[in-house]
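Here are my notes on the model, as numbered points. Please read them with the structure open.

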Amino acid sequence: MAFLGTQITQMKKIIFILLFLLPTSHFPLLAEVKVAPYYTLQFTEGAFVPNIGEWNFSINLLSDLGIIVKPEGKHSFVGFYELKYVGPGLKRQEGEKFTDRAMDHITVLRHTYNITENYFVKSQLDYMKEYKRTGSNEVWGTGLYDFGRLGGLVSLGRKFSDELSASVSGQYHFLNFPNYTDLLAEFQSGAESAESSAGKQNHSIYQTGLSVDYILNRFSLDLIFQNYTKQKIVMNAVQSDGTYYNSDLQKDIIVNLSVSRREKLWEKLSYSPTLSYKIKNSNQNYQHFETVGATIPVRYFADYYDYNQFIFSIPIAFVLGEKWEVSTGPEFDIKTYTERPPRNSDGNFLTKKQRNNMFVLSSGFTFKPNAVTRTTLFYVFQNQSSNMEFEKYLPYNYTANYFGIKFEYTY
């Protein structure tokens with residue numbers, strides 16, 4: 001936690017500097033410019049108890065420090081720094097252990113230009129650095145999947161009426177994994193290939209999107225292209241260079257469609273159902289080796305990473321009074337691989353297609369003593385089931401309970 005403490009100390013220094021510079025008396029030329037700092041803190045502490053493995057405590061932290069600048073006219077600017085720490089706990093993403101930790105540092109500069117009353121343009125530049133730890137003995141900054149992400153986006157929107165508006169967007173980001181190496185390729189080709197096998201997870205992300213807001217409903221469609229800079233395609237036969245990689249680079253395409261609605265049934269009860277469908281298609285294949293040191297694969301699977309995913313959630317909130325609120329919400333997540341077979345408990349591949357089902361039920365009791373503070377006692381039940389029975393390295397079938405307290409402060 002020493003690394004986390006250092007980052008928090010640095011953030012406090014930034015807060016002090018900004019608060020010192022913000023008063024307009026230091027900037028006579030900006031006397032007519034509206035400047036407002038803001039700060040958000042979310043701190044969550046709890047315990048998770050899975051039916052496999054050991055129970056443990058979990059701490060999550062989210063801290064945003066930002067500034068809003070609005071000159072007279074049609075422009076507005078937002079800049080903020082975010083520190084996010086996710087400790088051990090229940091994971092919703094496949095391939096992660098309960099003990100995994102992650103720390104994100106995000107810097108964003110956003111600009112909005114209201115061209116006319118009905119047209120606007122938004123642009124953004126952002127940088128993100130993520131550190132990952134998969135074990136308590138691993139040092140921050142040395143994780144295999146640490147990455148830096150740099151990029152931005154542009155969005156054009158139009159308001160057709162009070163009930164209908166739409167926007168189109170495009171964004172680009174590049175992800176760099178400085179510590180990642182392909183250990184299998186190094187073993188097969190010799191130590192001299194270590195340099196060439198580094199950076200195989202580096203890739204560019206191109207994303208275009210369309211969103212439509214109609215009365216209380218939102219429809220969105222996103223198309224994402226992930227182009228890898230060095231990761232080649234795994235083949236079924238040995239290539240001319242002695243490896244199983246050909247000259248084509250990995251390319252992934254993701255289509256994400258979602259529909260949501262936000263509505264109040266009456267004054268004190270509101271709900272916001274969301275339905276999303278995700279399709280991933282990749283030209284990457286998979287070679288399965290029987291042991292770590294083996295150089296000859298025993299099975300080959302084409303389109304191993306393609307899947308379809310269906311998610312449905314319906315958060316519900318009930319206001320008990322001016323300072324009290326009760327919330328709950330079930331979430332269903334069904335992920336089906338198009339070609340990947342599951343494995344039995346001994347690690348042997350079956351003839352079916354792998355399917356992961358997850359159900360999450362969240363509930364909370366919130367106290368709001370004032371306009372800037374919220375404290376929530378929460379309970380989460382999570383159940384994941386899969387026809388993947390091989391769980392030597394990762395959990396696929398489990399139930400778990402997660403409960404604790406969450407504190408939020410926004411100024």
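**Notes on the predicted model**

1. Leu90 counts as buried, at 18% relative accessibility. The cut-off for buried is under 20%, so Leu90 falls on the buried side. This residue lies in the loop between β3 (75-86) and β4 (101-113). Its C-alpha atom is separated by 8.2 Å from that of Gln382. Along the chain, Leu90 and Gln382 are 292 residues apart. Please keep in mind that this is a predicted model.

2. Now the cavities. The structure holds two of 30 Å³ or more. In the largest cavity there is about 80 Å³ of space. Its lining consists of 12 residues. Gln93, Glu94, Glu96, Gln384 and Pro395 are the ones nearest the centre. By class, the lining has five nonpolar, three polar and four charged residues.

3. The strand pairing around β7 comes next. Strand β6 (residues 147-159) pairs with β7 in the antiparallel sense, over 12 bridges. The two strands form a hairpin, with four residues between them. Within this pairing, Ser155 has Ser169 of β7 as its bridge partner. β7 also pairs with β8, again antiparallel and over 12 bridges. There, Ala166 has its bridge partner, Val212, in β8.

4. Which strands supply the lining of the second largest pocket? β6, β7, β8 and β9 (217-234) each give at least two residues. The largest share, six residues, comes from β7. About 330 Å³ of space lies in this pocket. It is lined by 19 residues, and those closest to its centre are Ser167, Ser169, Ser211, Arg218 and Ser220. The lining of the second largest pocket divides into five nonpolar, 10 polar and four charged residues.

5. On to the aromatic residues. The structure holds 17 aromatic pairs. One is formed by Tyr172 and Tyr206, and this pair is tilted. The ring centres are 5.1 Å apart, with 50° between the planes. Tyr172 lies in strand β7 (residues 164-176) and Tyr206 in strand β8 (residues 203-214), so the pair ties together parts that are 34 residues apart in sequence. β7 and β8 are also joined by their antiparallel pairing. Both tyrosines are partly exposed: Tyr172 has a relative accessible area of 34%, and Tyr206 has one of 39%.

6. Is the pair of Tyr286 and Tyr304 stacked or tilted? Its ring centres are 4.4 Å apart and its planes are at 25°, so the pair is stacked. The cut-off for stacked is planes under 30 degrees apart. This pair links distant parts of the chain, 18 residues apart. Tyr286 is in strand β14 (residues 286-288), while Tyr304 is in the loop between β15 (299-301) and β16 (307-313). Their accessibility classes are as follows: Tyr286 counts as partly exposed, at 22%, and Tyr304 counts as buried, at 9%.

7. Ring pairs link Tyr286 and Tyr304 with Phe301, Tyr305 and Phe349.

8. The charged end of Lys200 sits over the ring of Tyr245, 4.3 Å from the ring centre. Arg343 lies over the face of Phe390, also at 4.3 Å from the centre of the ring.

9. Last, the strands around β16. Strand β13 (residues 274-282) pairs with β16 in the antiparallel sense, over seven bridges. In that pairing, Ile279 stands opposite Asn308 of β16. β16 is also joined to strand β18 (residues 324-337) by seven bridges, and these two strands run antiparallel. Here Tyr307 stands opposite Tyr337 in β18.

Methods: Residues are numbered from 1 along each chain as its sequence is written. This is a predicted model: local features need pLDDT of at least 70, side-chain atom pairs count only at pLDDT 80 or more; totals for chains, interfaces and linings use all residues. Side-chain values use heavy atoms; hydrogens and water are left out. Rings of Phe, Tyr and Trp (its six-membered ring) pair if their centres lie within 6.5 Å; planes under 30 degrees apart count as stacked, over 60 as edge-to-face and the rest as tilted. Buried means under 20% relative accessible area, exposed over 50%, partly exposed in between (1.4 Å probe, protein chains only). A charge sits over a ring if NZ of Lys or CZ of Arg is within 6 Å of the ring centre and within 35 degrees of the ring normal. Two strands pair if DSSP finds at least two bridges between them. On a 1 Å grid over the protein atoms alone, a cavity is a set of points where a 1.4 Å probe fits but cannot get out, and a pocket is an open set with protein on both sides within 12 Å along at least five of seven lines; lining residues have an atom within 4 Å of a point. Grid points are joined across faces, edges and corners, and a volume is the space filled by probe spheres set on the points. Ala, Val, Leu, Ile, Met, Phe, Trp, Tyr, Cys and Pro count as nonpolar, Asp, Glu, Lys and Arg as charged, and the others, Gly among them, as polar.
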